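This report is meant for a reader meeting the structure for the first time.

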Amino acid sequence: MRAVLTWRDKVEQCVYDLAFKPDGTQLIVAAGNRLLVYDTSDGTLLQPLKGHKDTVYCVAYAKDGKRFASGSADKSVIIWTSKLEGILKYTHNDSIQCVSYNPITHQLASCSSSDIGLWSPEQKSVSKHKSSSKITCCREERNDILAVADWGQKLSFYQLSGKQIGKDHSLNFDPCCISYFTKGEYILLGGSDKQVSLFTKDGVRLGAVGEQTSWVWTCKVKPDSNYVVVGCQDGTISFYQLIFSTVHGLYKDRYAYRDSMTDVIVQHLITEQKVRIKCKELVKKIAIYKNRLAIQLPEKILIYELYSEDSLDMRYRVKEKIARKFECNLLVVCADHIILCQERRLQCLSFSGVKEREWQMESLIRYIKVIGGPPGREGLLVGLKNGQILKIFVDNLFAIVLLKQATAVRCLDMSASRNKLAVVDENDMCLVYDIHTKELLFQEPNANSVAWNTQCEDMLCFSGGGYLNIKASTFPVHQQKLQGFVVGYNGSKIFCLHVFSMSAVEVPQSAPMYQYLDRKMFREAYQIACLGVTDADWRELAMEALEGLEFETAKKAFTRVQDLRYLELINSIEERKKRGETNNDLFLADVFSYQGKFHEAAKLYKRSGHENLALDMYTELRMFEYAKDFLGSEDPKETKMLITKQADWARNINEPKAAVEMYISAGEHCKAIEISGEHGWVDMLIDIARKLDKAEREPLLMCAHFFKKLDNPGYAAETYLKIGDLKSLVQLHVETQRWDEAFALGEKHPEFKDDIYVPYAQWLAENDRFEEAQKAFHKAGRQGEAVRVLEQLTHNAVVESRFSDAAYYYWMLSMQCLDIAQDPAQKEVMLSKFHHFQHLAELYHGYHVIHRYVEEPFSFHLPETLFNISRFLLHSLTKDTPLGISKVNTLFTLAKQSKALGAYKLARHAYDKLQGLQIPARFQKSIELGSLTIRSKPFHDSEELVPLCYRCSTNNPLLNNLGNVCINCRQPFVFSASSYAPPLPVSAEVLHLVEFYLEEGITDEEAVSLIDLEAPRLKRENKWQEITSNNAQTLRLDESMDSVGDDDPFTAKLSFEQGGSEFVPVVVSRSVLRSMSRRDVLIKRWPPPLRWQYFRSLLPDASITMCPSCFQMFHSEDYELLLLQHTCCPYCRRRMDDPSP
């Protein structure tokens, strides 16, 4: 810190107080009974102000700069405007000791020996307050710390709360004035020692601001500046400028500088990390080198070292302390030494303070720098005022003269390889020398500092005139604006010192890189690019190197931008070179083609004799017009290939019609057909298919495929016929369900029978046309498949509780089994299945009614019908219960209907049976109630419900342990399959039919012919005869006949003696058959291998109709009604208009 006197004036009276106008342009001085107004720029007295009658003790300026106030021993306060006009005067009871303005409200406080006055511009009067003791000063500042200097010759600091900060600082003089700098970083203190001292805000004395000849009564700091004014007892007014010199040191990317005069901040210029070292004394010099840091204080030098060898470590610790006072101009630190520079002399001291060496120079030393070296043997670069440049090693007494120039040295730097030396002289000229030859390589003007790039030998930068200049090799200088001094250059970062701050500026190295590229110096350009350029610059370097066939540099550059495409090109070229290829034109042509310079590439291909490569390139680029220039005139294959590729391109750019025409002209019919088919161009396909020869099978098949896909089976059939593909034609008819054409083709070519009838049968089955499907399966010989399909359909119907459908499917299954049974090998198994499925069909047919009655909320069934069906099911379910049929539902229905119809005994039996079964919760209460209420009913059944056997005229019990046969004659009952209540398919009513069998030797055809004869009967004589036996009385009609005996031989056959345990069927002879009437006989004409079944109606007047398909029996009236309602048989679903049996 230096204090430079700007101006000085002396008045006759003592200067008691000073005040700056807030903008710093004027200085108000209280001297005698006057106020003196000075211009601060040059010390000119602008105007003396008179208004007080006695000595002026104090003066203060308002912060807004509009007015200032003065207080005097004449007990008055005068308020002045900034135009130096007095506007107000008021008085106190005693002399005015101090005045001060509030920096916020601009109120004025004036203090006398005994009272305090407050005035503000808003009020007319001055408010005053008495004080019990003498007031000596008043101040309103916005600092958080209170600095107190007393005549105990000490300086103390306090918080606003009154708590002292730190210890008292001894002054060794009586202080008379104290003043903070504007920002509070420094304090001025003056008094009996006849000088003004500068202190830090912590109380550390930094030095004196000018020596005076008498006591200093007042000192003030010009607002927001480093100017200080001092007023003395003898009337001297001194105006000083404080110059705070930059104390700093730099080594590579570490920069150390002084802060607040007593601290050292070490900054890492790359990471921007900072560390503060508090020395608590004035820092005079700083030096930094590698892991060492030297700080010179007034009475000692501190040597610091890093905690670790880590290049990013910022933690320092004290290594050595040299407790001596040194006077030097420059300080340098090495690994084990410090170098002190004083005028012409250099001294080398160890860290213990022992002087080891000393060098005496011929002239003043202007610049010194450590250039590295082994520890203890570092080299120094020294520049002298006489232009001499030396190199000194700290372990050698002899200095080496590198060169001498005519002008004084201002700045020096040596290149990384120590082959070149850059010098800035006093004429602002940057000169670059070859150290070995002493030759001046080049020089550049307007330089104030210079630095070599530590990573590139041929690059340096220098600053001057507000510009940064970057020079590579001997190329022209590249300039950009930059304020400050260049002090370092590392890679792409330039370290610049501007005023008091050091910054790292990222500078793209694009300009020097392009300078090297212009001269095809690719390796050097790559070195520059490594320092830091943009991705675009890297790509440009890669392209230029590739065009220059500098593959190694190009590969590195493309790797940097991660361009795999060009890296593959370079690798392929290198592989070709290894195989012995040496044609650079061919390599360069490949490069041009990759870069999009296709015409240049084609020229090089042609020049190197590879026209085919040019043809391939233009073809792949769809540049067919250019490709034609490289076609061989006598090669049709190449022409066809070119047209094909042109068609491919037209297809890709969505011009399919043009592509089709090109494919056809190139003979690529398959591709033309594919495009036409994808776009649905049937006309185009027809044209192609008819022009093609039948030997061209593959394109014709493609045409047929697209005809089918586009729903044009006629053209597909035409195409298949053209190539003679009958199997595909059959498949076409099947897929399009054109069965008539398929059947016609099958008749001509029986080998396709399976291919036609199997899909036909499946289609019929899918459309619920199972009878037709069975016939189709039968024609195709797929009996087992027909059975499996029907079994699956039947199972699904049962699982889904569609019992009517299940009955129908089981009937269909039984008939299918009967067809299969014609095969002797499967006869027994299939007949067994036939009878089983017939039985299941009857059961599910009946259970359908029971299920609907139980599950649906309303019933349309007659009680008698439900009663007969449930009793029929109960007698039929003597063994295993089929899937889906519920005994609970059957017994529940039987119990309810028996109770309703008066069959109480049977109802009680049904309720008892239900008690042993698992009953659903919804039936629980109803069954329990029914079980209780049935106990109140008689234990017998209504006689009206008892079934009669039409063979033996025996009344059978409702609950028959033998099942659905007579308990007496064992004759099976024949049940009706009709009902008036649609859609009830079964009433289970016993019909008046008796089955009879033919005598041995009578064929079915003979029996039918005998029955059809209807021989005339003789006249009878009717007589009634009464017969009485032990337990019965019978009235018999005795019909006497002539030679034939009984009038009706069949009736005689029905006689049956009670007591037999086996069923004895009715067997008739030819004579009996002849005696029968055709309308009384019903015949079930089963197909082989079954025999026909014959039934005789015993009540001819009650007409019975039999379905010709399923052979189920109905009352004729019921059957006709059901046909009208359903247009089909309710059992087998044979339609009315179906003529087939």
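Ser801 is partly exposed, with a relative accessible area of 33%. The model is a predicted one. Ser801 lies in the loop between helix H20 (783-799) and helix H21 (803-820). Its phi is near 60 degrees, which is a positive value in a residue other than glycine.

Arg418 also has a phi near 60 degrees, again positive in a residue other than glycine. This residue sits in the loop between strand E40 (409-414) and strand E41 (420-425). Arg418 is partly exposed, at a relative accessible area of 32%.

Another loop, the one between strand E55 (1081-1084) and strand E56 (1093-1097), holds Pro1089. The peptide bond that joins Pro1088 and Pro1089 is cis, with omega at about 5 degrees.

## A buried strand residue

Ile365 belongs to strand E36 (residues 365-372). With a relative accessible area of 10%, Ile365 is buried, because the cut-off for that term is under 20%. Apart from its neighbours within four places in sequence, Ile365 is in contact with Cys341, Glu343, Arg344, Arg345, Leu346, Val382, Gly383 and Leu384. From Ile365 to Asn386 the separation is 21 residues in sequence, and their C-alpha atoms are 9.0 Å apart in space.

After H3 comes Leu549, which has a positive phi near 60 degrees.

Which residues of H3 are buried? They are Asp537, Trp538, Leu541, Ala542, Met543, Ala545 and Leu546. Their cover includes helix H1 (510-518), helix H2 (522-532), helix H4 (551-561), helix H5 (564-578) and helix H6 (584-595).

In H2, the buried residues are Phe522, Ala525, Tyr526, Ile528, Ala529 and Leu531. These residues pack against H1, H3 and H4, and also against strand E45 (459-464).

The axes of H3 and H6 cross at roughly 150 degrees and come within 9 Å. The two helices are therefore roughly antiparallel, a term that applies to angles over 145 degrees. On the H3 side the contact involves Met543, Leu546 and Glu547, and on the H6 side Leu588, Val591, Phe592 and Gln595. Sorted by class, the contact of H3 with H6 has 5 nonpolar, 1 polar and 1 charged residues.

How do the axes of H24 and helix H25 (residues 904-915) cross, and within what distance do they come? They cross at roughly 150 degrees and come within 8 Å. H24 and H25 are therefore roughly antiparallel to each other. Their crossing is left-handed. From H24, the residues in contact are Val888, Leu891, Phe892, Leu894, Ala895, Lys896, Ser898 and Lys899; from H25, they are Tyr904, Leu906, Ala907, Ala910, Tyr911, Lys913 and Leu914. These residues divide into 11 nonpolar, 1 polar and 3 charged.

Helix H23 (residues 863-876) packs with H24 at an angle of about 135 degrees, the axes being 9 Å apart. That angle makes H23 oblique to H24. H23 passes H24 in a left-handed crossing. Pro863, Glu864, Leu866, Phe867, Ser870, Arg871, Leu873 and Leu874 of H23 meet Thr890, Leu891, Thr893, Leu894, Gln897, Ser898 and Leu901 of H24. The classes in this contact are 8 nonpolar, 5 polar and 2 charged residues.

| Helix pair | Angle between axes | Axis distance |
|---|---|---|
| H3 and H6 | roughly 150 degrees | within 9 Å |
| H24 and H25 | roughly 150 degrees | within 8 Å |
| H23 and H24 | about 135 degrees | 9 Å |

## The protein as a whole

The secondary structure of the protein comes to 30 helices and 58 strands. Of its 1141 residues, 49% are buried. Among contacts with a separation of 6 or more, 43% are between residues 24 or more positions apart.

Notes: Residues are numbered from 1 along each chain as its sequence is written. This is a predicted model: local features need pLDDT of at least 70, side-chain atom pairs count only at pLDDT 80 or more; totals for chains, interfaces and linings use all residues. Side-chain values use heavy atoms; hydrogens and water are left out. Axes are lines fitted to C-alpha atoms, for helices over the stretch in contact, and angles run from 0 to 180 degrees between N-to-C directions. Helices (H or I, at least four residues) and strands (E, at least two) are DSSP runs, numbered from the N terminus. Angles under 35 degrees count as roughly parallel, over 145 as roughly antiparallel, 65 to 115 as roughly perpendicular and the rest as oblique. A crossing is left-handed if the near helix is turned anticlockwise from the far one by less than a right angle, and right-handed if clockwise. Contact means heavy atoms within 4.5 Å. Ala, Val, Leu, Ile, Met, Phe, Trp, Tyr, Cys and Pro count as nonpolar, Asp, Glu, Lys and Arg as charged, and the others, Gly among them, as polar. Buried means under 20% relative accessible area, exposed over 50%, partly exposed in between (1.4 Å probe, protein chains only).
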